[in-house]
Amino acid sequence: MDTDLIAYNNALTEGDKAICDILSETINNNLNSTESKIWHAHPVWFIEGNPVVGYSKLKNCIRLMFWSGQSFDEELLNVRGKKFKDASIEFTHADQINQEDIKRWLEKSEKIQWDYKNIVKRKGVLERLK
């Protein structure tokens with residue numbers, strides 16, 4: 001795992017670190033052909049330069065976000081925005097993490113992608129890649 005991502009997790013409280021360690025391990029073990037880095041201050045995984053999944057520390061939880069998550073047709077992923085296709089789930093304790101759900105969402109994140117990499121070129125318009 002990227003040393004910046006390790007540093008991000010290590011800077012968190014023990015409970016939040018436990019959540020993020022599980023998330024990062026699950027993502028790394030289940031996504032193929034990705035690169036990861038700290039992007040906009042939190043860990044994000046990319047496929048061919050397109051962001052697909054990441055997590056961030058919010059005030060009271062850790063949010064796991066899928067950039068194309070609204071297209072996954074998954075009840076547990078809370079739809080956030082109207083303009084973009086992201087969806088997320090929030091965790092306050094490591095026991096809340098369901099590995100099978102996350103693995104299924106990661107599989108969908110490889111198969112269902114909207115083109116965030118070129119959103120600026122397209123003046124905010126998203127196009128479906130896969």
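**Close-up 1. The side chains of E74 and W105 are joined by a polar contact of 3.1 Å.** In this predicted model, E74 also has a polar contact of 2.8 Å with the side chain of R104. Leaving aside neighbours within four places in sequence, the residues in contact with E74 are R104, W105 and K108. E74 sits in the loop between β4 (62–66) and β5 (78–79). Is E74 buried or exposed? E74 counts as buried because its relative accessibility is 16%, and the cut-off for buried is under 20%.

**Close-up 2. Strand β4 pairs with β3 and with β6.** Strand β3 (residues 50–57) and β4 run in the antiparallel sense, with 5 bridges between them. β3 and β4 form a hairpin, and 4 residues lie between the two strands. β4 also pairs with strand β6 (residues 87–91), again in the antiparallel sense and over 5 bridges. Here M65 has S88 of β6 as its bridge partner. How many of the residues of β4 are buried? The count is 4 of 5, so β4 is mostly covered under the cut-off of 20% relative accessible area.

**Close-up 3. Helix α1 (residues 3–10) has the buried residues L5, Y8 and N9.** These residues lie on the same side of α1, because they cover an arc of only 95 degrees around the axis. What covers the buried residues of α1? The cover includes α2 (14–30), β1 (35–39), β2 (42–47) and β3.

**Close-up 4. The largest nonpolar core has 27 residues.** Within this core, the residues with the most contacts are L23, V53, Y55 and L64. Two or more residues of the core come from each of α1, α2, β2, β3, β4, β6 and α3 (99–111). Which element gives the most to this core? It is α2, with 4 residues. In soluble globular proteins, nonpolar side chains tend to be buried together.

**Close-up 5. L23 is among the residues with the most contacts inside the largest nonpolar core.** Which residues does L23 touch, not counting those up to four places away in sequence? They are Y55, I62, L64, F91, I97 and I102. Two of these, Y55 and L64, are themselves listed with L23 among the residues with the most contacts inside the core.

Technical notes. Residues numbered from 1 in each chain as written. Predicted model: local features only at pLDDT ≥ 70, side-chain atom pairs only at ≥ 80, totals over all residues. Heavy atoms only, no water. Buried < 20%, exposed > 50% of the residue type's maximum accessible area, 1.4 Å probe, protein only. Polar contact = N/O pair within 3.5 Å; in protein donor to acceptor, adjacent residues only side chain to side chain. Contact = heavy atoms within 4.5 Å. Pairing = 2+ DSSP bridges. Arc of directions from axis to C-beta. Core = buried A, V, L, I, M, F, W, Y, C linked by side-chain atoms within 4.5 Å.
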